[in-house]
Amino acid sequence: MAKLANPQETIAVLQRYQFNFQKKYGQNFLIDPHVLDKIIDAAGIGPEDFVLEIGPGIGTMTQYLAEAARQVVAVEIDKNLIPILEDTLEEYSNVELINDDILKVDIRKLAEIYNAGQPIKVVANLPYYITTPIIMGLFETNVPLQSVTVMVQKEVADRMQTGPGTKDYGALSLAVQYYAEPYLVANVPPNCFMPRPAVGSAVIRLTRYETPPVEVKDPSFMFKLIRASFNQRRKTLQNGLHNSGELQLPKEKVAEALEKLGLPAAVRGEKLTLSEFARLADLLGE
Ligand code: SAM
């Protein structure tokens, strides 16, 4: 089977199987070999590696992964793609296909079976409608993880790597940066996909920290504070944390903690760094 990463081969496969794109599954297949080379390179896939691919589509990226890695497991939700994948990946004995929703798959078990429970690499051109649940699911559950190299919407990549004081800064930035070091690999225009997505895309690599960059006694309380702060972005932190149904913190307590941190009483959540949120959580959690 020829490499799929070009418009001619992709169209030929789609026609042979009379495949209809399912918009609800975020199907935009890669057709540019340079982008695929960049992804494999940035993910640092070597012959010892086990790779989990989310959403293989017709197998375009899977072919590259299979050539670079020891073992690939690819999880695809669309059952209509399975016979196509069995065909396009026929010559690779190191690829296992799973027809399921990635949000329901026990990834920890896959790491145990295929990688002796050691940290795994995840590589994907993600379906954009569930980017955040997929990424947060990987980090927040106890999946042994080395890195996540993924194609996402450009705007989401911006949110993942930005710091305080920008419009893109929010709960996703802080969550990602607590667990991983983000690195923007490449911006990718719509014409590298079939069909073309309506938005720009980017490849981002998130390398999981062995220990998070900040210490906090109760990370889940810190994330509650972060969510409450950004739910009411235009409000001061004091009001945001006071009004939040989940927290209902007394204003005086928040004011006292802000003073201890040397922050202005009217500060907004969007101005706080990750380490300031960590210290605030330790003060308010007492
Ligand atoms: N990897 C292929 C490529 O780069 O050409 C396809 C990428 S396409 C953007 C996203 C793929 O994820 C589609 O094949 C889609 O069917 C699949 N997908 C969507 N939701 C999924 C889910 N919940 N679990 C697993 N796969 C999913």
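Q: What is the volume of the largest pocket?
A: This is a predicted model, in which local features need pLDDT of at least 70 and side-chain atom pairs count only at pLDDT 80 or more, while totals for chains, interfaces and linings use all residues. Residues are numbered from 1 along each chain as its sequence is written, and side-chain values use heavy atoms, with hydrogens and water left out. A pocket is an open set of points on a 1 Å grid over the protein atoms alone, where a 1.4 Å probe fits and protein lies on both sides within 12 Å along at least five of seven lines. Taken as the space filled by probe spheres set on the points, the volume of the largest pocket is about 600 Å³.

Q: How many residues line the largest pocket?
A: Lining residues have an atom within 4 Å of a point, and those nearest the centre of the largest pocket are Y25, G26, Q27, N28 and P127. Among the elements that each supply at least two lining residues are β2 (50–54) and α3 (60–68), helices being DSSP runs (H or I) of at least four residues and strands (E) of at least two. In total, the lining numbers 37 residues.

Q: In what order do the seven strands form the open sheet?
A: Strands pair if DSSP finds at least two bridges between them, and in this sheet the pairing is mixed. The edge strands, each pairing on one side only, are β4 (95–99) and β7 (180–188). Read across the sheet, the order is β4-β3-β2-β5-β6-β9-β7.

Q: Which residue of β9 is the bridge partner of V150?
A: Strand β6 (residues 145–153) and strand β9 (residues 201–208) run antiparallel, joined by seven bridges. In β9, the partner of V150 is I204.

Q: Which strands does helix α8 touch as it packs on the sheet?
A: Contact means heavy atoms within 4.5 Å. Helix α8 spans residues 171–179, and its direction makes about 115° with that of β7, where axes are lines fitted to C-alpha atoms (for helices over the stretch in contact) and angles run from 0 to 180 degrees between N-to-C directions. The strands that helix α8 touches are β7 and β9.

Q: Which residue does a cis peptide bond join to M194?
A: The omega of this bond is about -15°.

Q: What is the phi of Q18?
A: Q18 lies in the loop between α1 (7–16) and β1. Although Q18 is not a glycine, its phi is positive, at about 45°.
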